[in-house]
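Try each task before you read its solution.

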Amino acid sequence: MTAKQTEPVTIISLRELNLATPEPRPRESKTFTVEEAVETIGFGRFHIALFLIMGSTGVFWLAGSLLIIGLASVVVPTIGWRWLIRIASIPGIILIMAFKFIPESARFNVSTGNTQAALATLERIAKMNRSVMPEGKLVEPILEKRGRFADLLDAKYLRTTLQIWVIWLGISFAYYGVILASAELLERDLVCGSRSESEVAVTVGVLEESQSPCYCHMFAPSDYRTMIISTIGEIALNPLNILGINFLGRRLSLSITMGCTALFFLLLNICTSSAGLIGFLFMLRALVAANFNTIYIYTAEVYPTTMRALGLGTSGSLCRIGAMVAPFISQVLMSASFLGALCLFSSVCVVCAISAFTLPIETKGRALQQIK
């Protein structure tokens with residue numbers, strides 16, 4: 001047997017061996033962002049609870065209105081309006097207690113440098129969902145420049161911003177005007193050839209009102225029924241509203257509903273039957289709610305991500321101004337000049353309809369903009 005020959009180990013072969021063997025690299029620490037943590041944790045019980053709590057603020061709005069009107073028809077004639085206020089405060093207290101369950105936004109804590117609080121929130125969500133956190137260290141992603149108020153008034157968005165502000169103010173003015181004016185309308189004899197039941201109630205309670213600092217007029221049962229039916233109108237046009245904004249576009253859909261709102265404000269001045277008055281109020285509540293839905297969607301779509309929250313926030317501020325002005329028209333001016341108040345509401349809606357129709361950007365089928 002011949003022995004197997006072995007090649008001699010030389011300096012060159014050792015050098016080649018060293019070159020072929022990669023040098024060990026230092027192990028990099030793993031990191032993750034809030035968005036990656038949310039994706040890893042997934043959907044679970046926390047999100048269901050969050051949906052129920054936050055959703056109740058929108059559905060409570062309608063259900064609460066119906067509940068308060070129903071309670072008013074029973075509580076006010078028996079134990080007085082003060083007990084109605086006490087009972088009405090109970091759902092608010094429950095919501096305040098429920099909001100304590102909602103933690104601070106992890107994304108907000110990370111952006112402000114409070115990484116430990118953000119990590120605690122994410123761990124709490126993962127525990128509720130019976131899930132796990134991603135491995136590594138929580139870090140803040142590199143972001144582009146944050147939106148500023150001056151960006152809303154940039155040449156690219158100046159016209160859009162100003163027109164959106166006008167629309168938000170006008171929609172809020174009309175929305176709260178309809179709600180507050182409903183009581184004023186029911187106190188007037190708008191039913192042709194008959195005296196409203198509320199007038200009879202007022203006549204009976206004249207002596208009681210003269211001793212009351214509020215001088216409140218008592219509603220009749222039919223008035224409460226009118227309020228309940230008109231309030232249901234806020235969800236009546238939602239299917240048509242969804243079809244309109246998807247097929248006609250945001251601008252045209254909003255201009256049509258705003259124009260119809262102006263028309264129905266004027267129709268309140270005509271002498272009509274009880275069913276006609278209920279129908280007018282029902283349509284007004286449905287139209288003003290549709291206006292709010294459309295402008296909210298448009299505002300969220302027209303601005304890029306860096307400006308979206310800023311655009312919605314400033315628009316909401318203008319909305320509050322409209323809500324503050326509405327009582328002076330629906331309660332004060334309407335008592336002095338009924339037709340004048342209705343014409344003012346209608347004129348504001350016409351201005352908003354024109355502003356909506358002439359908006360420079362249509363967001364139907366347009367992808368959300370990420371940067372300015």
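**Exercise 1. Find which residues sit on the face of α12 turned away from its buried side, then work out what the buried side packs against.**

Solution. This is a predicted model.

Step 1. Go to helix α12, residues 238–247. The face turned away from its buried side carries the exposed residues P239, I242 and F247.

Step 2. Now list the buried residues of α12: N241, G244 and I245. Look down the helix axis. These buried residues fall within an arc of 90°, so they line one face of α12.

Step 3. Recall the geometry. An α-helix has 3.6 residues a turn, so residues three or four places apart point the same way.

Step 4. Look for the partners. The buried residues of α12 pack against α13 (250–267) and α14 (274–302).

Step 5. Step just past the helix end. G249 has a positive phi of about 100°.

**Exercise 2. Locate R130 and decide whether it is buried or exposed.**

Solution. 

Step 1. R130 is in the loop between α6 (115–128) and β2 (137–138).

Step 2. Check the backbone. Phi of R130 is near 55°, a positive value in a residue other than glycine.

Step 3. Apply the cut-off: exposed means over 50% relative accessible area. R130 has 70%, so R130 is exposed.

**Exercise 3. Describe the aromatic pair of Y157 and Y303, then the pair of F264 and F280.**

Solution. 

Step 1. Start with the total. The whole structure holds nine aromatic pairs.

Step 2. Take Y157 and Y303. Their ring centres are 5.7 Å apart, with 45° between the planes. This pair is tilted.

Step 3. Ask where the partners come from. Y157 is in the loop between α7 (149–152) and α8 (158–186). Y303 is in the loop between α14 and α15 (305–336). The two are 146 residues apart, so the pair links distant parts of the chain.

Step 4. Check burial. Both Y157 and Y303 are buried.

Step 5. Take F264 and F280. The centres are 6.1 Å apart and the planes 65° apart. Planes over 60 degrees apart count as edge-to-face, so this pair is edge-to-face.

Step 6. F264 is in helix α13 and F280 in helix α14, 16 residues apart.

Step 7. Check burial again. The cut-off for buried is under 20% relative accessible area. F264 has 16%, so F264 is buried. F280 has 14%, so F280 is buried too.

Step 8. Finish with a group. W168, Y175, Y176, F292 and Y296 form one aromatic cluster.

**Exercise 4. Work out which elements build the largest nonpolar core.**

Solution. 

Step 1. Begin with the general idea. In soluble globular proteins, nonpolar side chains tend to be buried together.

Step 2. Count the members. The largest nonpolar core has 47 residues. F265, L268 and M334 have the most contacts inside it.

Step 3. Name the elements. Those that give two or more residues to this core are α8, α13, α14, α15 and α16 (338–357). The largest share, twelve residues, comes from α8.

Step 4. Zoom in on F265. Leave out residues up to four places away in sequence. F265 then touches A174, V178, L284, L342, F345, S346 and C349.

Step 5. Look elsewhere. Another core, of twelve residues, lies apart from the largest one. Its members include V34, A37, F46 and A126.

**Exercise 5. Find T314 and list its contacts beyond four places in sequence.**

Solution. 

Step 1. T314 lies in helix α15.

Step 2. T314 has a relative accessible area of 13%, so T314 is buried.

Step 3. Set aside its neighbours within four places. T314 is in contact with F149, L152 and W165.

How values were computed
Residues numbered from 1 in each chain as written. Predicted model: local features only at pLDDT ≥ 70, side-chain atom pairs only at ≥ 80, totals over all residues. Heavy atoms only, no water. Buried < 20%, exposed > 50% of the residue type's maximum accessible area, 1.4 Å probe, protein only. Arc of directions from axis to C-beta. Contact = heavy atoms within 4.5 Å. Phe/Tyr/Trp six-rings, centres within 6.5 Å; stacked < 30°, edge-to-face > 60°. Core = buried A, V, L, I, M, F, W, Y, C linked by side-chain atoms within 4.5 Å.
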